[in-house]
Amino acid sequence: MKYRRLAAIPFALLATTLVQADDGIVTERPSFVDSGETVPVGMLQIEAGAQNAHDGSGNELTLPTLVRWGVGERWELRLESDVYDRSNTDSPHYVDGWTNLVIGIKHHVGTAGDSGPSSAWFVEVELP
């Protein structure tokens, strides 16, 4: 039962994301793809979810979470993790554990025109 309570944490954090009604929001869907855009200065954006992978040898459940904080006109600080991993790959027993934390910074280089491609560079460090 402790696992179910833990799984609710990223969703509770997601609910605390503050966005003004007239602001657009660009998400990066943790564990999927990163955009070239950064969040506005002073904005805290939390993106979280649950991801279940299944192949012929077992299941793996993770809780990918990305926290983005705008610290400059084209800069953001980032914290990213799968938070918690539960898998039973090649075993009838589950293996549970906390996952690594990635700390980084992102700089938006620019966008080609109003609807053109956007680019950014990242510097990240993964901590065990």
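Val95 is found in strand β7, which covers residues 95-98; strands (E, at least two residues) and helices (H or I, at least four) are DSSP runs, numbered from the N terminus. The structure is a predicted model, in which local features need pLDDT of at least 70 and side-chain atom pairs count only at pLDDT 80 or more, while totals for chains, interfaces and linings use all residues. Residues are numbered from 1 along each chain as its sequence is written, and side-chain values use heavy atoms, with hydrogens and water left out.

Is Val95 buried or exposed? With a relative accessible area of 54%, Val95 is exposed, because exposed means over 50%, buried means under 20% and partly exposed lies in between (1.4 Å probe, protein chains only). Not counting residues up to four places away in sequence, Val95 touches Asp85, Arg86 and Ser87, where contact means heavy atoms within 4.5 Å. Val95 and Glu60 are 35 residues apart in sequence, and their C-alpha atoms are 9.4 Å apart in space.

The charged residues come next. A search of the whole structure finds eight salt bridges, each being a side-chain nitrogen of Lys or Arg within 4 Å of a carboxyl oxygen of Asp or Glu. In one of them, the side chains of Arg68 and Glu76 meet at 3.0 Å, N to O. Arg68 counts as buried at 0% relative accessibility, and Glu76 counts as buried at 0%. Glu76 also meets Arg78 in a salt bridge of 2.7 Å, N to O, and Arg78 is buried with a relative accessible area of 2%. Arg78 in turn forms a salt bridge with Glu80 at 4.0 Å, N to O. Through shared partners, salt bridges join Asp34, Glu47, Arg68, Glu76, Arg78, Glu80, Lys106 and Glu124 into one network.

Leu44, Trp69, Val71, Trp75, Leu77, Val109, Trp121 and Val123 make a nonpolar surface patch of about 700 Å². Patches are made of residues with over 30% relative accessible area and no salt bridge, with nonpolar side chains (Val, Leu, Ile, Met, Phe, Trp, Tyr) joined within 5 Å and like charges within 9 Å; accessible areas come from the Shrake-Rupley method with a 1.4 Å probe, and for residues only the protein chains shown count as cover. Strands β4 (65-72), β5 (75-81) and β9 (118-127) each supply at least two residues of the nonpolar patch. Trp75 is found in strand β5 and, at 32% relative accessibility, counts as partly exposed.

His108 is found in strand β8, residues 101-111, and counts as buried at 8% relative accessibility. Which residues are in contact with His108, leaving aside its neighbours within four places in sequence? They are Gly36, Glu37, Thr38, Arg74, Ser118, Ser119 and Ala120. A polar atom of the His108 side chain lies 2.5 Å from the backbone oxygen of Gly36.

Finally, strand β2 (residues 51-55) pairs with strand β3 (residues 58-62) in the antiparallel sense over five bridges; two strands pair if DSSP finds at least two bridges between them. Asp55 has Gly58 in β3 as its bridge partner, and a hairpin joins β2 to β3 through two residues.

Conventions:
A polar contact is a pair of N or O atoms within 3.5 Å; within protein, one must be able to donate a hydrogen and the other to accept it, and residues adjacent in sequence count only if both atoms are side-chain atoms.
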